[in-house]
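This report goes through selected features of the structure shown below, from single residues to the contact between chains.

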Amino acid sequence: MLVSGREDGPVLLLAHGFGCDLNMWRLVVPVLEERFKVVRFDHVGAGRSDPAAWDPERYATLAGYADDVLAICAEAELRDVVFVGHSVSAMIGVLAAIREPERFAGLVLLTPSPCYIDDGDYRGGFSRADIEELLDSLDSNYLGWSAAMAPVIMGNPERPELGEELTNSFCRTDPKMARVFAHTTFLSDNRADLAEVGTPTLVIQCRHDAIAPPEVGRFVHERIPGSRMVTLDATGHCPQLSAPEATAEAIVDFASRR
Amino acid sequence: MMCASGADPDGGGTGGGDGPPGGDVAVFAALLEDSAEDLYENAPCGYLSTLLDGTIVKVNATLTTWLGRSREELVGRRRFADLLTVGGRLYHETHFAPLLTMQGEIGGVALELKAADGTRLPVLVTSLVKTGGDGQPLLIRTTITDARDRRAYEVELMRAHREVDAERERLQRLATTLQRTLLPPTLSRVPGLEVAAYYHIASADRVGGDFYDLFPLADGRWAFFLGDVCGKGVAAAAVTSLVRYTLRAATVYDPDPVAVLRNLNTVLNHEYQGDDPRFCTVIFGLISPDPGSDGPGSGPLTPDALGCTIVLAAGGHPPALLLRADGGAEFRPTPGGQLVGVIPDAHFTTSTVRLEPGGTLLLYTDGLTEARVPGSMADRFGEEALFDFAAALAPAGARAAVDAVTDLLASFGAGLDDDAAILALGVPRRSAEEAAG
């Protein structure tokens, strides 16, 4: 967990999505720090989280991650939190805000999707077979990575040189944990939870997003009572990287009114 | 058959045509005329340039051929991610693109291209962000290499990997099941006694050689044993099984502790002769109700009992520890007891222990005393430290004693590299005594 910005400012809690870690926020954080107390963390199983905290059963549902968010809020005594959840963390925030509404002043759902898989009239954008294909993609890529990455993540002090040979210094994950997280992420269906959200909510989506297309963002917006929506003229699933200024502006604008 | 390198020593070039004909001007001219443009177009890998949002702006002929698409179909009309399978696109959005933005480059990523005719081509992708003079990112350059062979090899490797995992799991299940058959599933409840046990398994794949048991005799007395067969694994498990059932049968035949160990010694000597001797250490005990309460040697132990008498015999085993009711501890050795199964006429002696209310007898295998103390990898925990530990612990009931030793074992961490079995028997204090302190 990283805390930065104004100690006495309103709290922004930033939660990264599947595939990376808290480094995802690096381009928006400098702007957010000017006005807010910015709290970032790595989900268990990602980045520099403690491998000993990993539990495949607990993290087989998004509720396990939502429990962690609430635990972080309680531990750090965070109040009136504006939770910013990217990708799958948007739904983690939805679940956390339903569980403890008094903890949250606002929810920012960045490129959210309540359900990635097509179901009847609902277009999530993917089939179950597509998700299996992603898991294969993960396997073939971690094949090259795992040898160099796993020991670092597992804390292997006898072989420090491994740390320097990392292919990627960001977004480290243990392959086994990533696989479980992928399953949890892409096979969750939280459509029914959206109507339960009583926290003021902003949906931020991109004009072109292969993972959470605009109609999915609109679905989230329509189902969460009183929510607002901003569509950024950006491409990709990670506007905090591809359009950091516009993303930060939308977050600041929303959070300043809380 | 023969090595084809080097010039033809005769200079004649008798057929073949493989040897470089020295001074062939035409070849050099052809090499010199190989242009950068042609190298780009027909390189042995695909080249792709895209805008920062992935829109294709330039692509080489190699890649258009692989994809089975014309340049017009691609340039300005498609993004790099559109060339990938759906799973690959998900991977691209969640891993590839974020890392490329943050690092400015990313290499050796395995993806699959989807050609116009629906076929898939496994490739390795490397991308680099080209920046302008002011450091601002301008475009993304990507090279794509054919990885069909590598992928086939990886698929095989993954399959082998999964097979190994499955086999290991099967082995561990087998070892755990076998281990369980060597220990009582739950300790019998002995009237008037509190009993507790703990077994630390050092390795999930290898069956340990430690064992214990506690069982009633027909006349109301009880017997127990705890021991350690030399070695580990399947061979040791077979001996453990033999030892356990022999001890139970021998106890029925003649429950005198020395007789039980002598009979076990005879069986082991008969069973494992010659160059495959198998031996073990054992401590065996016979529990008799306290003569003071129910008369000498008669009647079962009852909760009213004032205590009990235990006759111990041991062969080559570390001494039992008595945690006294009034505090303090003492070893109860059985001097001269020899390893069981080594020589035909092994000698065993007995020691008699009075267990008062509040007293507890603690039995253990050398996994406990041989554990290495953290911080000083050379130092074994040892009997002396165990004695101090027990003395500080006493008085303690059987459950409390086993719990304390379990915590002690856990504190050794990696220093505990052998199996360890713990068995404790205690006479609970009567409530009146407890009330009196």
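This is a predicted model: local features need pLDDT of at least 70, side-chain atom pairs count only at pLDDT 80 or more; totals for chains, interfaces and linings use all residues.

Asp80(A) sits in the loop that runs between helix 2 and strand 4 (81-86) of chain A. Its phi is near 45°, which is a positive value in a residue other than glycine. Most residues other than glycine have a negative phi.

Ser87(A) is a second residue of this kind: its phi is near 55°, again positive in a residue other than glycine. The loop that holds Ser87(A) lies between strand 4 and helix 3 of chain A.

## A cis peptide bond in chain B

The peptide bond that joins Ala394(B) and Pro395(B) is cis, with omega about -5°. Most peptide bonds are trans. Pro395(B) belongs to the loop between helix 11 (382-393) and helix 12 (398-411) of chain B.

## Chain A as a whole

Chain A has 9 helices and 7 strands. It consists of 258 residues, and 59% of them count as buried. Among the contacts in chain A with a separation of 6 or more, 75% are between residues 24 or more positions apart.

Gln240(A) is part of helix 8 (residues 239-242) of chain A. Is this residue buried or exposed? Gln240(A) has a relative accessible area of 0%, so it counts as buried. Its side chain makes a polar contact with the side chain of His86(A), at 3.2 Å. Not counting residues up to four places away in sequence, Gln240(A) touches Met24(A), Trp25(A), Leu27(A), Val28(A), His86(A), Leu110(A) and Thr247(A).

Ser49(A) is found in the loop between strand 3 (37-41) and helix 2 (62-75) of chain A. With a relative accessible area of 15%, Ser49(A) is buried, because the cut-off for buried is under 20%. The side chain of Ser49(A) reaches the backbone oxygen of Ala46(A) at 2.8 Å. When its neighbours within four places in sequence are left aside, Ser49(A) is in contact with Asp42(A), His43(A) and Val44(A). Arg218(A), in helix 7 (residues 214-223) of chain A, is partly exposed, with a relative accessible area of 38%. Beyond its neighbours within four places in sequence, Arg218(A) is in contact with Gln205(A) and Met229(A). Arg218(A) and Thr231(A) are 13 residues apart in sequence, and their C-alpha atoms are 9.6 Å apart in space.

In soluble globular proteins, nonpolar side chains tend to be buried together. The largest nonpolar core here has 76 residues, and the members that touch the most other members are Leu13(A), Val69(A), Phe104(A), Phe80(B) and Leu113(B). Helix 3 (residues 88-99) of chain A gives the most to this core, with 8 residues.

What is Leu113(B) in contact with, leaving aside its neighbours within four places in sequence? The list is Leu63(B), Leu67(B), Leu83(B), Leu84(B), Thr119(B), Arg120(B), Leu121(B), Val123(B) and Ile144(B).

## The contact between chains A and B

The size of an interface is often given as the accessible area lost when the parts come together. Between chain A and chain B the buried area is about 2,600 Å², and carbon and sulfur atoms give 66% of it. Chain A brings 33 residues to the contact, and chain B brings 29 residues.

The interface of chain A and chain B has 1 salt bridge. Glu133(A) forms a salt bridge with Arg120(B), and their closest N and O atoms are 2.6 Å apart. On the side of chain A that touches chain B, helix 4 (residues 128-153) of chain A gives the most, with 12 residues. By class, that side of chain A has 17 nonpolar, 12 polar and 4 charged residues.

Conventions:
Residues are numbered from 1 along each chain as its sequence is written. Chains are lettered from A and ligands numbered from 1 in the order in which they are written. Side-chain values use heavy atoms; hydrogens and water are left out. Contact means heavy atoms within 4.5 Å. Buried area is the accessible area (1.4 Å probe) that two parts lose on being put together, summed over both. A salt bridge is a side-chain nitrogen of Lys or Arg within 4 Å of a carboxyl oxygen of Asp or Glu. Helices (H or I, at least four residues) and strands (E, at least two) are DSSP runs, numbered from the N terminus. Ala, Val, Leu, Ile, Met, Phe, Trp, Tyr, Cys and Pro count as nonpolar, Asp, Glu, Lys and Arg as charged, and the others, Gly among them, as polar. A nonpolar core is a set of buried Ala, Val, Leu, Ile, Met, Phe, Trp, Tyr and Cys residues joined through side-chain atoms within 4.5 Å. Buried means under 20% relative accessible area, exposed over 50%, partly exposed in between (1.4 Å probe, protein chains only). A polar contact is a pair of N or O atoms within 3.5 Å; within protein, one must be able to donate a hydrogen and the other to accept it, and residues adjacent in sequence count only if both atoms are side-chain atoms.
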